[in-house]
Amino acid sequence: MALTPVQAPAIDVDSIAKTVAAVRADHAERDARHQTVHDVRANNIDSVQPGSLPDAWPKPIVANAIDTAARQLAENLAPLPSINCATGVTTSDRAKKFVAKKTKVAYSYVIESALKPKMAQACDWYLTYGSLPILIEPDFKAGAPRICFDNPKGAYVQRDRWGKVVVYFRVFRKKARELAALYPDLRDRIYGRDFMNRDGCGDDALLEVVKYKDADTQLLFMPERKNLVLMSAPNPFGKVAVAIATKPSFDDQDRGQFDDVIYPQLAKQRMAMLALEATNQTVRAPLAVPNDVQKISFGDNAVIRTNNPRDIVRVGQDAPVAAFQQQELLDQEVMRGTRTPASATGDVQASIITGQGVNALNGGYDIQIATGQAVIGQALEEALSLCFEMDEKFWPSAKKTVSGVINGTPFQESYTPGKDIHGDYRVSVTYGFASGMNPNQALVFLLQLRGDQLVPRDFVQRQLPMDIDVTALQAQIDNEQITDALKQGIFGELSSIGIMAQQGMDPTQILRNAAQMIALREKGIPVDQAILQTFEAPPAPSQAGGQSAPGAAPGGQEGPGALQGQNPGTGSPFGVAAGQA
């Protein structure tokens, strides 16, 4: 099954275009805010406040606090959550295998869609514009669904009363030459070379394109070219495969994190320009000299002869103190508006241990991270559920093999969508109990819970802010602890050599064992294997007939001083450690 760029005759493009125009008119205020915050983040101040920048300084001279805060918040919000397809308490081995296989399939959707490097950009869009569309599209070449993040600037959505997306479209602009290269059969119509305008537009002209989706249709058309259809196809999925993460707001409009900080940031830039201008005027102010000065010299080491040198000053006035106070107030307003404390960037003078003020400032910062993770996590759950449904509907009998890495452990799994998904599209996405905390705070909190024995070690390991395989990690820890215990036993035996010598015992064998272990370790043999080879018991000697002669010592030695079961060399019993002889 493949989507072909063929115009469907049953589609009423004019009716769709009217719907698009009506929805855009309803969102005109939102679109204006989106464009303004976009221009401020891009430092296009002239488009927001024309004439506010002089010709000598075409760009702002202060740091773009909005852009900095957006990037930092997005980076803290970007880590991917944990995915689990368990629908309840699983007790049987069959149910556990079913859940484990589905979880690996869900992770394969995320891995093959390359969401990890795209999350920072997606979270930036969510914070800046107040929403994040997540599109699920079929990749018929690979035979699997793919998750894509769409730019919310110019994106519009209509929902039913249950909150499900029934119409989604996005309006964007693209250069004429790029559209002509994608659709060469429509080149003349794209450029507008018709009977009314034979020359058409230029190659770099930005033309408006609408990407439209509903339950029946997928459409790409150009309103500026009399609703020219570039591509149309039926929607074989039967529903709009789009999940929307919407930032909480007090009304029904998408409101970004920085909508109310734009003009404080512009005022901060304006104050900086005025301070720069005042400094420039002060430096270039004319000299005021006494009446006895007949000649004024300029340049380095210039000499002005006068009887009143104290009267030589520059005409000017120092910047008022209120100007600096106003700059500090604007800095605080921008910080409050972005909800980004100075401690988030490390620009704070306070003790990490006793700085309660730092913790108070970070409280609001952590809360908005946790809120964003909850909203985006819910949208990812819906997106992964749509992936399962699309996978089962489009490729029910296909035998697939997926691979990747989960929590540091590589995996490879084979599945058949119709058999292994079997109508169960439920999936759980979680960011952990320490959602919103930075890694240092989360680690301290975990250690406190573990120290009071409120949680088991396995729980702490699974909540660590890093990708690890908990099972392999615990096995490695156990091996290290057992190895340390073995070495402590060897050390204890070596420390008893002096006491053995004082009691007349022979510690030679212990020294030989220690020397042999050193030699084995130098060959690269692990500690446990070296101990096994060193202390391996010698094979029992075989006797003809299966019995030893009376009075014969083990090992086949006989003699008047050799007692049965006694080592003739040391006189100690066989099978007894040297320290216990």
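Me: Let's start with charges and rings. Which ring does the charged end of K102 sit over?
Reply: Bear in mind that this is a predicted model. The charged end of K102 is placed over the ring of F388, at 4.8 Å from its centre. There is also an arginine case: R193 lies over the face of Y191, 4.4 Å from the ring centre.

Me: Now rings with rings. How many aromatic pairs does the structure hold?
Reply: A pair of aromatic rings is described by two quantities, the distance of the centres and the angle of the planes. This structure has seven aromatic pairs. Take Y156 and F169: their ring centres are 5.0 Å apart and their planes stand at 20 degrees, so this pair is stacked.

Me: Which parts does the pair of Y156 and F169 tie together?
Reply: Y156 belongs to strand β4 (residues 155-159) and F169 to strand β5 (residues 165-175), so the pair links parts that are 13 residues apart in sequence.

Me: Are Y156 and F169 buried or exposed?
Reply: The cut-off to keep in mind is that buried means under 20% relative accessible area. Y156 has 3%, so Y156 is buried. F169 has 1%, so F169 is buried too.

Me: Which residues form an aromatic cluster?
Reply: F140, F237, F394 and W395 come together in one aromatic cluster.

Me: On to helices. At what angle do the axes of α4 and α6 cross?
Reply: Helix α4 (residues 65-77) and helix α6 (residues 115-129) have axes that come within 8 Å and cross at roughly 125 degrees. The two helices are therefore oblique to each other. As for handedness, α4 passes α6 in a right-handed crossing.

Me: Which residues make that contact?
Reply: From α4, the contact uses A70, R71, L73, A74 and L77. From α6, the contributors are A120, C123, D124, Y126, L127 and T128.

Me: Finally, the whole chain. How many helices and strands are there?
Reply: The secondary structure comes to 18 helices and 14 strands. Of the 581 residues in the chain, 36% count as buried. Among contacts between residues at least 6 apart in sequence, 63% join residues at least 24 apart.

Note on methods
Residues are numbered from 1 along each chain as its sequence is written. This is a predicted model: local features need pLDDT of at least 70, side-chain atom pairs count only at pLDDT 80 or more; totals for chains, interfaces and linings use all residues. Side-chain values use heavy atoms; hydrogens and water are left out. Rings of Phe, Tyr and Trp (its six-membered ring) pair if their centres lie within 6.5 Å; planes under 30 degrees apart count as stacked, over 60 as edge-to-face and the rest as tilted. Helices (H or I, at least four residues) and strands (E, at least two) are DSSP runs, numbered from the N terminus. Buried means under 20% relative accessible area, exposed over 50%, partly exposed in between (1.4 Å probe, protein chains only). A charge sits over a ring if NZ of Lys or CZ of Arg is within 6 Å of the ring centre and within 35 degrees of the ring normal. Axes are lines fitted to C-alpha atoms, for helices over the stretch in contact, and angles run from 0 to 180 degrees between N-to-C directions. Angles under 35 degrees count as roughly parallel, over 145 as roughly antiparallel, 65 to 115 as roughly perpendicular and the rest as oblique. A crossing is left-handed if the near helix is turned anticlockwise from the far one by less than a right angle, and right-handed if clockwise. Contact means heavy atoms within 4.5 Å.
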